[in-house]
Amino acid sequence: MDPLTALGAALAAAHFGTPITYYAAAKRWLKTPWRVKRGPSYAPAVTVAIPTYNEARHIEEKLEDIYRQDYPRDRLEIFVVDSASSDGTAEKARRWAQARPDAYVKVVEEPERRGKASAINTALATARGEVFVITDADCRWPQRDALRRAVSWLADPTVGAVTCLKRPAAEGPAGVEAGYRDRYNVLRLAESKKWATPIFHGELAAYKTELLRKIGGFPLDIGADDSHTATQIALMGYRAIVAEDLWCVEAVPHNGYHRWRIRRAQHLLQHFLKTPAAEAPPPMRPILLAEKYLHLANPWLLPAAAAALVAAATPPALALLAAGAAALAFRPYRTWAAAQLYLIAAAVKNLKNKELMWEKQDK
Ligand code: GDD
Ligand code: MN
């Protein structure tokens, strides 16, 4: 075999081989016990923070959704922190709060937009809850006992942060979104069972308030505030886990799906670049090393392999390329390839603009 064909084949083998190997390891971790002592009746004071920027379409329903939770009402306070929305979000929230004084809703209006992390830090500064929960305005908690389930995991002193599994409200183009989430959830759960997952979900992320304060709150210089704080808590030696019985439904944008995926990938890349794997507790180290590699480096092997095979232009090289193209007919492969392209586009975009304040997309 000529060297270029061999190089292309080797790059392709590494690109697909590493995640498959990691997934196989994850499946083994999935079979291990949790080693977490849950407290089903644990009901600490909880603060829920909803950051909003132009969420007039969602805010009332979101507040209703939390109000429907069966959590003891006097143990729950809700902050809406609005960053100078121009669509009347804050007024709507205020009117809702006046109509339901027993919901303990505080609406904070920031004079100017400084980003999501800054807004949730404002809530954290005066939060009275022992547990601090963040949630996006445009997502839903389909379980009435979502909060109780979330805090039951935090009853264990080794657990510092808990997040939900995610289900998309819509399929996304060609079923890509749903296909992506199945395998993604398996990985999150497996990592959580082993020790901690470095990827958290802002749709429902619950932290021990004391630990959040210890790490200085949510980071202002990168996106992925949810994942980065959870990972910092894990680096301190606590578990940061996806709960197996906690679900969120997230809205998928009608327009600009690709832009949305790229922005979120940008934030994850910023998070992994900033996270030192060497400082992780031993069971977390392989998880962080693998996820850092899979997000930061592995995607680039795919175009590199394709380029080498095109340049080689030998019959085996062309056969490999044709097989790669034909495989696009299969959804899991298509989903995978799309994710690689989003990560590559995100790395390039990060050089120019970190997208710490993004345009509100219609959902
Ligand atoms: N107060 C405030 N100020 N809130 C903001 C700002 C801001 O500048 N920017 C966004 N938000 C709010 C939105 O109103 C929404 O409630 C939440 O932050 C998430 O923003 P979306 O526009 O809905 O983004 P998403 O659906 O892609 O969110 C996901 O990705 C983000 C990172 O890219 C979630 O996982 C978020 O939790 C995550 O931060
Ligand atoms: Mn959203």
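A cavity is a set of points, on a 1 Å grid over the protein atoms alone, where a 1.4 Å probe fits but cannot get out. This predicted model counts local features at pLDDT of at least 70 and side-chain atom pairs only at pLDDT 80 or more, while totals for chains, interfaces and linings use all residues. Residues are numbered from 1 along each chain as its sequence is written, ligands are numbered from 1 in the order in which they are written, and side-chain values use heavy atoms, without hydrogens and water.

The structure holds 1 cavity of 30 Å³ or more. The volume is the space filled by probe spheres set on the points, which are joined across faces, edges and corners. The largest cavity has about 30 Å³ of space. Its lining (residues with an atom within 4 Å of a point) consists of Ile66, Tyr67, Arg73, Leu76, Ile78 and Ala103. Helix H2 (59-67) and strand S2 (76-83) each supply at least two of the lining residues.

## The shell around ligand 1

Ligand 1 is surrounded by 24 residues, each with a heavy atom within 4 Å of the ligand. The closest are Glu55, Ser83, Lys116, Arg263 and His267. Helix H9 (257-274) is one of the elements that supply at least two shell residues. H9 gives the largest share, 4 residues.

## Polar side chains at the ligand

Side-chain polar atoms lie by oxygen atoms of ligand 1. For Glu55, the distance is 2.5 Å. For His267, it is 2.7 Å. For Lys360, it is 2.9 Å. The protein covers 97% of the 730 Å² of accessible area (Shrake-Rupley method, 1.4 Å probe) that ligand 1 has on its own.

Notes: 1 Å grid on protein atoms, 1.4 Å probe; cavity = no way out; pocket = protein on both sides within 12 Å on 5 of 7 lines; lining within 4 Å. Polar contact = N/O pair within 3.5 Å; in protein donor to acceptor, adjacent residues only side chain to side chain.
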